[in-house]
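Please walk through this structure one region at a time. Keep the sequence beside the 3D view as you read.

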Amino acid sequence: MKNSIRKIFLVVAGGNAAAERHFEDIIQNKRNLNEIRQFLPEAQIKNLEEIYHNSPFIVWGSVPGPLNETRWEKIEPGDIVLILNRGRIRFVGEIAAKVRNKDLAKYFWRETPEGNTWELMYFIVNEERVNVPLSKVNSLFGYAENYSPRGFSMINEKSVESFALNYVDILGVLKKIEKG
């Protein structure tokens, strides 16, 4: 049963002016395959074509570092991602694919002042817009109500397993919370 439980990742998309622009540009407005063809090998483009069928998509990335790389390595297609902005879950979706690509990251987000990129990238499908305060969800995963993640994190697998046994569907729970 453990293998059937999908991991859940939290992504904070926003928090400063540049991140807010990226949230709007990459997540709210989405991107398309034609603009990224030059950055990816043909096999990765074919995979993304099979996933998106030329539809616009959401993609996000993280800056390399020991914690982010460990989390990124754990990502598998079908895992869940909750995209947070201004303390609220704004989107829930599934991981479709991941790539590590500095040039594509620079194209989307440029570089940090230190010269880093958000090259640990993940493509998202089946995204649904929601508008749920994170504080309303924290206790479902064993966090304090005021817990506020930073950047890219992963919910503890035991907490996700417990959630799945009690509630099954994260999107259904979020929609129910959203309706009050």
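Start with Glu-20. Glu-20 touches Gly-14, Gly-15, Asn-85 and Arg-86, leaving aside residues up to four places away in sequence. Contact here means heavy atoms within 4.5 Å. This is a predicted model: local features need pLDDT of at least 70, side-chain atom pairs count only at pLDDT 80 or more, and totals for chains, interfaces and linings use all residues. Residues are numbered from 1 along each chain as its sequence is written, and side-chain values use heavy atoms, with hydrogens and water left out.

Glu-20 sits in helix H1. Helices (H or I, at least four residues) and strands (E, at least two) are DSSP runs, numbered from the N terminus. Is Glu-20 buried or exposed? Glu-20 counts as buried because its relative accessible area is 19%. The cut-offs are these: buried is under 20% relative accessible area, exposed is over 50%, and partly exposed is in between, with a 1.4 Å probe and protein chains only.

Now follow the chain past H1. The loop between helix H1 (17–28) and helix H2 (42–52) holds Lys-30. Most residues other than glycine have a negative phi. Lys-30 is not a glycine, yet its phi is positive, about 65°. Lys-30 is partly exposed, because its relative accessibility is 28%. His-53 also has a positive phi, near 50°, and is a residue other than glycine. His-53 lies in the loop between H2 and strand E2 (58–62). With a relative accessible area of 60%, His-53 is exposed.

Next comes the sheet. Strands of a sheet pair through backbone hydrogen bonds, either parallel or antiparallel. In this model, six strands form an open sheet with mixed pairing, in the order E2-E5-E4-E3-E1-E6. Two strands count as paired if DSSP finds at least two bridges between them. The edge strands are E2 and strand E6 (152–154), and each pairs on one side only. From one strand to the next, the twist averages 35°.

Look at one pair within the sheet. Strand E1 (residues 8–12) and strand E3 (residues 80–85) run parallel and are joined by five bridges. Phe-9 has Val-81 in E3 as its bridge partner. A helix lies across other strands. Helix H4 (residues 102–109) lies across E2, strand E4 (88–100) and strand E5 (120–133), and runs at about 40° to E5. Axes are lines fitted to C-alpha atoms, for helices over the stretch in contact, and angles run from 0 to 180 degrees between N-to-C directions.

Stay with E3 for a moment. Leu-82 is in this strand. Leu-82 is buried, because its relative accessibility is 1%. Among its contacts beyond four places in sequence are Ile-8, Leu-10, Phe-91, Ile-170 and Leu-174. Leu-134 is 52 residues from Leu-82 along the chain, and their C-alpha atoms are separated by 9.9 Å.

Rolling a probe the size of a water molecule over the atoms shows where empty space is left. On a 1 Å grid over the protein atoms alone, a cavity is a set of points where a 1.4 Å probe fits but cannot get out; a pocket is an open set with protein on both sides within 12 Å along at least five of seven lines; lining residues have an atom within 4 Å of a point. Grid points are joined across faces, edges and corners, and a volume is the space filled by probe spheres set on the points.

How many cavities of 30 Å³ or more does a search of the whole structure find? The search finds one. The largest cavity has a volume of about 50 Å³. Its lining includes Leu-10, Leu-82, Leu-134 and Phe-141.

The largest pocket has a volume of about 460 Å³. Of its 24 lining residues, Val-12, Asn-16, Ala-19, Trp-60 and Trp-118 lie nearest its centre. E1, H1 and E2 are the elements that give two or more residues to this lining. H1 gives the most, with four residues. The second largest pocket holds about 270 Å³ of space. It is lined by 17 residues, with Arg-6, Ile-80, Val-168, Asp-169 and Ile-170 nearest its centre.
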